[in-house]
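I opened this notebook to keep track of what I looked up, entry by entry, in the structure shown below.

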Amino acid sequence: MASQREIYDVIVVGSGASGGWAAKRLSEAGLKVALVDAGRQQSEANFTEHKPAFELKYRDMAREIVRKTRPVQSQVGACNEYTYTWFCNDLDEPYTTAEGMPFSWQGRLRITGGRTNVWGRVALRLSDLDFKAASLDGYGHDWPVSYKDVAPYYDLVEEYVGIAGRAEGIPQIPDGKYQPDMGLTCGEAQFRNGVKAKLGWTVTPTRTANLTRPLNGRAPCHYCGPCERGCVTHSYFNSYFTTVADALKSGHCTLIPNAMAYQVLMDTDRNRARGVLYIDRITRQPVEVRSRAVVLSAQSLESVRILLNSANRQYPNGLANSSGVLGHYLMDHVWVGGGASGEFPGLPGILNINGPNRPCGIYVARFRNLASGPRSKNFVRGYGYEGGGSTDFNWKAAGFGEKYKKGLLDPVTTVGIAGFGECLARWENYVTLDPGIKDTFGIPVLHFHMRYGDNERAMIHDMMVSAAEMMEAAGAKNIRPFEVPDRIPGYAIHEVGVARMGNDPRGSVLNRFQQSHDVKNLFVTDAAGFVSSACQNPTLTIMALCVRSCDYLVDEMRKGNI
Ligand SMILES: Cc1cc2nc3c(=O)[nH]c(=O)nc-3n(C[C@H](O)[C@H](O)[C@H](O)COP(=O)(O)OP(=O)(O)OC[C@H]3O[C@@H](n4cnc5c(N)ncnc54)[C@H](O)[C@@H]3O)c2cc1C
Ligand code: SF4
């Protein structure tokens, strides 16, 4: 087995939202960092946001080409003919599911920057309505951190990432450090005003990780549209050209690409992690890298897979798993469970097939089961909506020929919203290793055992009813409500909770700094530590908690505690 001679201070596994921050923060603090990533090196040459589909071999029309090697990854639109080679090949890297419990494990990126290459960029804070939810409604456990602990790190991350957003002064999505928002269409403005006036609920321009002002050499967005194909002006947040670039610039960070981490290596006598074993994806050879501390940031399920694969005599059920909790409490938001769209005839709108294409829309803040106010009889927690409005050609115009052409030019202004709901943390939703199946690198794969419960289903129905109510309140016509009661988990691509944080080592894997209770020089800084899913998109919180944990790690190393 090959072994690198260098002994690093810290190995960071994964270069996405959390790993990028870990590498930046630790290397800028002067620590020697190895950034081990399963993906190949990203490059500006791969960015195709300005490339028209007609220049592609299959005009981005042959989904079957993508589906052939990425049957799961292609279930999200961001995995298309432009981008599919950034995603893992599902045939090479499979996973299995329990009978009757489908799970769609999407967004498995294999390129520097991970999911931040293609993410939707919605960036919302959690509040104590989430961190202390169990104290409010009695379900589950509180997080071992409160909003006050995380707020300074939200500030720091937002100011660096660059979030366009509007302050609303509502406690369920606390305001942050925003650049000017991207504005609303006429339909969205009417929707916002009508909903506020009649129902008191908040519709706000999406808080989005796209720049409207220059920041650290990155240019403001020029509204071309398809951010998931990259951005040559660096106007959205992608760790590849922000945090990872800064880490490399520090001179203290070495990127090791194409390195599929298999196990955390242990010095069992001292109960300390001593490095990482990875499989080189090109040579297929195992390689050891050594360090004084290990930070797993490979995306929550991938990090837990590494820990499960690191089982040894001392930790037979997975490394750092003396609690037995590792792999349990898997959550993924209820994605687009219910919603509605409506038309706003008579509003001005300009028809243009060439944009501008604003890369965001609207967000409806949670209004159910707030800290004060009425409680739903049917479910605990809540949901928000993502959506947007536009003016489009009337593609459904009646007739043929001349009549159809005229009808087509009669603009239709619509607004649509779709719910993202909190998924409750349940012991019985978990991942283990599949004893019979390995990926193409010889690494045992995950086996999923997850389904939504009654609470999520009750929420889905409410998403539809409330969305229609909002459309009515805003004066929409031709309202089309919808609900999908049997959503498959995985589609939100917000998997969290599989190595939960807690103060009690008997019921949690990580402490409040995402440090393993069992192995003090081992941290997991992706979303594995989440205690609940909240209903807000997780990435801003992942990044804020990651920076907080890295600052703690630096401090502990300086004090000689690690
Ligand atoms: C299409 C899409 C839209 C999304 N929209 C939003 C949104 O609007 N808002 C939001 O908050 N979140 C969104 N998300 C989710 C968001 O991208 C993730 O929450 C976030 O990127 C997770 O950060 P991470 O560091 O845990 O993982 P990632 O960003 O995925 O990074 C993980 C890295 O680890 C590497 N890796 C994986 N396994 C291994 C291994 N064994 N060894 C070495 N390296 C490994 C990968 O190559 C990758 O680079 C979206 C995701 C997708 C795919
Ligand atoms: S819409 Fe803006 S952020 Fe997205 S790719 Fe275009 S310029 Fe970049």
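Before listing any ligand shell, I note that a residue is near a molecule or strand if its C-beta atom, placed from the backbone, lies within 6 Å of it. I also note that this is a predicted model, in which local features need pLDDT of at least 70 and side-chain atom pairs count only at pLDDT 80 or more, while totals for chains, interfaces and linings use all residues. Residues are numbered from 1 along each chain as its sequence is written, and chains are lettered from A and ligands numbered from 1 in the order in which they are written.

**Ligands**

I looked up ligand 2 and found 13 residues around it, of which Cys221, Cys224, Cys227, Cys231 and Ser235 come nearest. For the classes, Ala, Val, Leu, Ile, Met, Phe, Trp, Tyr, Cys and Pro count as nonpolar, Asp, Glu, Lys and Arg as charged, and the others, Gly among them, as polar. On that basis the shell around ligand 2 holds 7 nonpolar, 5 polar and 1 charged residues.

Ligand 1 is surrounded by 40 residues, and the closest are Gly14, Gly16, Gly107, Gly114 and Gly120. That shell divides into 19 nonpolar, 15 polar and 6 charged residues. Helices and strands here are DSSP runs (H or I, at least four residues, for helices; E, at least two, for strands), numbered from the N terminus. Helix H1 (17-28), strand E8 (259-267), helix H8 (300-309) and helix H11 each supply at least two residues of the shell around ligand 1.

**Helices H5 and H11**

I then asked at what angle the axes of H5 and H11 cross. The axes of H5 (residues 147-161) and H11 (residues 539-558) come within 8 Å and cross at roughly 110 degrees, where axes are lines fitted to C-alpha atoms, for helices over the stretch in contact, and angles run from 0 to 180 degrees between N-to-C directions. Angles under 35 degrees count as roughly parallel, over 145 as roughly antiparallel, 65 to 115 as roughly perpendicular and the rest as oblique, and H5 and H11 are therefore roughly perpendicular to each other.

Two residues are in contact if their C-beta atoms, placed from the backbone, lie within 7 Å. Val150, Tyr153, Tyr154, Leu156 and Val157 in H5 meet Leu540, Met543, Ala544, Leu545, Val547 and Arg548 in H11. By class, this contact has 10 nonpolar, no polar and 1 charged residues.

For burial I used C-beta atoms placed from the backbone: a residue is buried if 20 or more others lie within 10 Å of its own, exposed if 12 or fewer, and partly exposed in between. H11 is mostly covered, with 14 of its 20 residues buried, and Gly560, which follows H11, has a positive phi near 80 degrees.

**Single residues**

Phe448 has its place in strand E16 (residues 444-449), and it counts as buried because 25 C-beta neighbours lie inside 10 Å. Leaving aside neighbours within four places in sequence, Phe448 is in contact with Tyr95, Thr97, Ala98, Met101, Phe103 and Val431.

Gln299, in the loop between strand E10 (286-296) and H8, has a positive phi of about 95 degrees although it is not a glycine. Gln299 is buried, with 28 other C-beta atoms within 10 Å.

Lastly, I recorded that the peptide bond from Gly355 to Pro356 is cis, with omega near 5 degrees.
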